[in-house]
Amino acid sequence: MSAPWFVPLHSGLAGHDWLMQAAVILMVAGAWLFLAGTIERRAARRQWQGSERPVNH
Amino acid sequence: MRPFITRFFAWYERNYALNIGIAAFLFLLQLVHLYWLTTDVVAMRLTGESWFSPSGPLRWFILIVDYSEIPALFSVSLVYINELRKGWNWKSALFLLFLNSQWLHIFWITDEFVVAELGGGAGGALPVALVWVAIAIDYLELPVIYDTMRKFALAIREQRTTTFLREELR
């Protein structure tokens, strides 16, 4: 059931490859999650180290 | 579903500098696509000659930018959904509408149709006037790109990003 007026995403330079599109989405999502995860882990570690810091009496 | 959304936006706010930075970067890349559209496709139609005919690595760069449009739309939409979640405002709603009108351009009145029509080829079953609608939809990204960059600059000014650079990426 394909409509004649429906054509896939195209930059006008080359045909759009949906496998490549999926790869780019996964790469961006992967880099994003990696950076966010690293930040959260480091924040948690800093918080933990802060709670371990000796208190001056 | 609601606890998930709440947790997601709590995460989003905690990593605001990173999230707006990624959105701004991906969206800024789309200027490359607009440059190509203006200097190749539109210039060809208006002046009869192309001012920019990319080849080699530049052509590949433009293609990669084209593939980054969907992640850009998603990441920048999140910026404005997050704004609207905090409170209704017309600007965010309008920018979200501008941004997501791109889906019409991606799936229906595509660049392929624009290039075919403006290049004098057979565009298909669509009215020719829709070419200019597609081009206008692309240019609607410009105010949103400016606003996203402004938000990123504000995040820097509020030291959210400087803290991020100083403490998180050391």
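1. **Ground rules.** This is a predicted model, in which local features need pLDDT of at least 70, side-chain atom pairs count only at pLDDT 80 or more, and totals for chains, interfaces and linings use all residues. Residues are numbered from 1 along each chain as its sequence is written, chains are lettered from A and ligands numbered from 1 in the order in which they are written, and side-chain values use heavy atoms, with hydrogens and water left out.

2. **Overall make-up of chain B.** Chain B has ten helices and zero strands; helices here are DSSP runs (H or I, at least four residues), strands are E runs of at least two, and both are numbered from the N terminus. Of the 170 residues in chain B, 48% are buried, where buried means under 20% relative accessible area, exposed over 50%, and partly exposed in between (1.4 Å probe, protein chains only). Among the contacts in chain B with a separation of 6 or more, 69% join residues 24 or more positions apart; a contact means heavy atoms within 4.5 Å.

3. **The largest nonpolar core.** This core holds 31 residues, a nonpolar core being a set of buried Ala, Val, Leu, Ile, Met, Phe, Trp, Tyr and Cys residues joined through side-chain atoms within 4.5 Å. The members that touch the most others are Trp32(A), Tyr12(B), Phe27(B), Val76(B), Tyr80(B), Leu99(B) and Val144(B). At least two residues each come from helix 1 (18-52) of chain A and from helix 1 (2-14), helix 2 (16-47), helix 4 (69-86), helix 5 (90-100) and helix 9 (141-157) of chain B. Apart from this core lies another, of 17 residues, including Leu37(B), Ile109(B), Phe113(B) and Val114(B).

4. **Val144(B) as a place to start looking.** Not counting residues up to four places away in sequence, Val144(B) touches Phe27(B), Val76(B), Tyr80(B), Phe95(B), Phe98(B) and Leu99(B).

5. **Helix 5 and helix 9 of chain B.** The buried residues of helix 5 of chain B are Ser92(B), Ala93(B), Phe95(B), Leu96(B), Phe98(B) and Leu99(B), and they pack against helix 2, helix 4, helix 6 (102-107) and helix 9 of chain B. The axes of helix 5 and helix 9 of chain B come within 10 Å and cross at roughly 125°, so helix 5 of chain B is oblique to helix 9 of chain B. Axes are lines fitted to C-alpha atoms, for helices over the stretch in contact, and angles run from 0 to 180 degrees between N-to-C directions. Angles under 35 degrees count as roughly parallel, over 145 as roughly antiparallel, 65 to 115 as roughly perpendicular, and the rest as oblique. On one side of the contact are Lys91(B), Phe95(B), Phe98(B) and Leu99(B) of helix 5, and on the other Pro143(B), Val144(B), Asp147(B) and Arg150(B) of helix 9 of chain B. By class, these are five nonpolar, no polar and three charged residues; Ala, Val, Leu, Ile, Met, Phe, Trp, Tyr, Cys and Pro count as nonpolar, Asp, Glu, Lys and Arg as charged, and the others, Gly among them, as polar.

6. **Helix 7 and helix 8 of chain B.** The axes of helix 7 (residues 111-118) and helix 8 (residues 129-139) of chain B come within 9 Å and cross at roughly 130°, and this pair is therefore oblique. Helix 7 of chain B contributes Asp111(B), Phe113(B), Val114(B), Glu117(B) and Leu118(B), while helix 8 of chain B contributes Leu130(B), Val131(B), Trp132(B), Ala134(B), Ile135(B) and Asp138(B). Eight of the contact residues are nonpolar, none polar and three charged. In the loop between helix 7 and helix 8 of chain B sits Pro127(B), partly exposed at a relative accessible area of 49%.

7. **Two residues in helix 2 of chain B.** Asn19(B) lies in helix 2 of chain B and counts as buried at 0% relative accessibility. Leaving aside neighbours within four places in sequence, Asn19(B) is in contact with Trp32(A), Trp11(B) and Tyr12(B). Thr39(B) is also in helix 2 of chain B and counts as buried at 10% relative accessibility. With residues up to four places away in sequence not counted, Thr39(B) touches Ser50(B), Trp51(B) and Phe52(B).

8. **Ile81(B) in helix 4.** Ile81(B) is found in helix 4 of chain B and counts as partly exposed at 36% relative accessibility. Beyond neighbours within four places in sequence, Ile81(B) is in contact with Phe9(B) and Leu96(B).
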